[in-house]
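User: Please take a close look at one part of this model, the place where the two chains meet. Keep it brisk.

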Amino acid sequence: MAAIGQVKIRVPSGIKGGDIVRVRALVIHPMEIVERKDGKPVDKNYHFINRVIVTYLGKEIAQFDTSQSISENPFFAFAVKATDPGELKVIFLDTHGGRYEGTADIKLG
Amino acid sequence: MATSIHRTMTRRGWLRALGWLGVALGLSSWRLGGARAASAQGHLADLVPEENVDATIKRLFAGRPIKDGASAIKLDLPLIAENGAVVPVAVEVAAPQTSQSYVKAIYIISDKNRRPLNVKFNLSPAVGQAYVGTNLRLGESTDVRAVVEMNDGTLLQAKRDVKVTVGGCGG
């Protein structure tokens with residue numbers, strides 16, 4: 001079992017300037033679902049990722065509001081227009097205040 | 001003995017008062033709207049409410065008309081999902097993503113889930129193309145819809161049903 005919060009980002013290789021590339025980001029996380037007792041939901045601070053922020057060259061380009069109806073160890077795929085070489089960063093925030101981030105270098109070649 | 005009990009009581013009272021103060025401060029900042037980044041938001045009151053899909057759509061879009069966008073939206077889903085806990089989905093919008101006209105948000109909604117809104121993707125023109133993908137949890141066989149909100153407020157929708165053999169939401 002990998003540790004919670006481990007982030008993997010996959011970027012295709014051989015990108016040219018101006019290409020639209022598809023990126024996949026994965027984080028190891030339990031994404032707890034609502035427990036039920038006698039049919040009633042139990043109130044507690046469920047541990048799941050509720051926000052994902054994508055930045056490229058230091059600028060926020062997308063953010064996702066996620067819920068518990070996303071699978072355990074969630075992955076998110078999205079597109080990025082690779083205008084300049086630089087850093088792509090994906091930040092995952094969870095309901096317990098956890099902040100997990102991963103980066104990938106966009107290289108143009 | 002009696003004095004020490006008295007002392008611990010007041011100490012407890014103090015701590016409790018401080019705790020309430022903290023809660024009050026937290027709530028007030030939440031009211032002011034700074035809130036999504038703060039921690040401890042997994043309580044039931046903070047989740048998307050349990051409701052049927054019509055209520056979700058009404059809550060999200062407040063009765064704005066939703067046009068059929070089946071030709072513009074490519075919704076990629078399996079026909080049969082053996083495991084409802086992991087159902088891959090991908091949404092691609094054919095329209096180009098320019099600063100004049102772009103896809104602002106993509107909502108993924110599963111009609112029969114207890115909490116129908118699965119995820120909302122907020123996009124900007126810098127992504128180049130409105131393409132998103134993730135894995136959904138589906139409780140039972142259901143329609144899954146992708147609602148695309150353009151920057152001018154237009155709503156488009158594509159819908160597909162998925163057969164789920166084993167539900168993915170526990171019980």
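Analyst: Five bridges join β6(A) to strand β6 (residues 117–123) of chain B, and these two run antiparallel. Strands are DSSP runs of E, at least two residues long, just as helices are runs of H or I of at least four, and both are numbered from the N terminus. Two strands pair if DSSP finds at least two bridges between them. In β6(B), B:Asn122 stands opposite A:Gln63.

A note on the source. This is a predicted model, in which local features need pLDDT of at least 70, side-chain atom pairs count only at pLDDT 80 or more, and totals for chains, interfaces and linings use all residues. Residues are numbered from 1 along each chain as its sequence is written, while chains are lettered from A and ligands numbered from 1 in the order in which they are written.

Now strand β7 of chain B, residues 131–136. β7(B) pairs with strand β7 (residues 75–82) of chain A, in the antiparallel sense, over three bridges. There A:Phe76 stands opposite B:Thr134. Within chain B, β7(B) also pairs with strand β4 (residues 87–93), again antiparallel, over six bridges. B:Pro88 is set opposite B:Asn135. Five of the six residues of β7(B) are buried, so the strand is largely enclosed by the rest of the structure. Buried means that 20 or more other C-beta atoms, placed from the backbone, lie within 10 Å of the residue's own; exposed means 12 or fewer, and partly exposed lies in between.

Next, the contacts across the chains. 36 residues of chain A are in contact with 37 residues of chain B. Contact means C-beta atoms, placed from the backbone, within 7 Å. On the chain A side, the elements giving two or more residues are β2 (19–27), β5 (49–56), β6 (59–66) and β7. By class, that side has 18 nonpolar, 11 polar and seven charged residues. Nonpolar covers Ala, Val, Leu, Ile, Met, Phe, Trp, Tyr, Cys and Pro; charged covers Asp, Glu, Lys and Arg; the others, Gly among them, are polar.

Last, the core. The largest nonpolar core has 54 residues, and A:Phe78, A:Val80, B:Ile106 and B:Ile108 touch the most other members. Such a core is a set of buried Ala, Val, Leu, Ile, Met, Phe, Trp, Tyr and Cys residues joined through C-beta atoms within 7 Å. Leaving aside neighbours within four places in sequence, B:Ile106 is in contact with B:Val91, B:Phe121, B:Ala130, B:Val132, B:Ala146 and B:Val148.

Note on methods
Contact = placed C-beta atoms within 7 Å.
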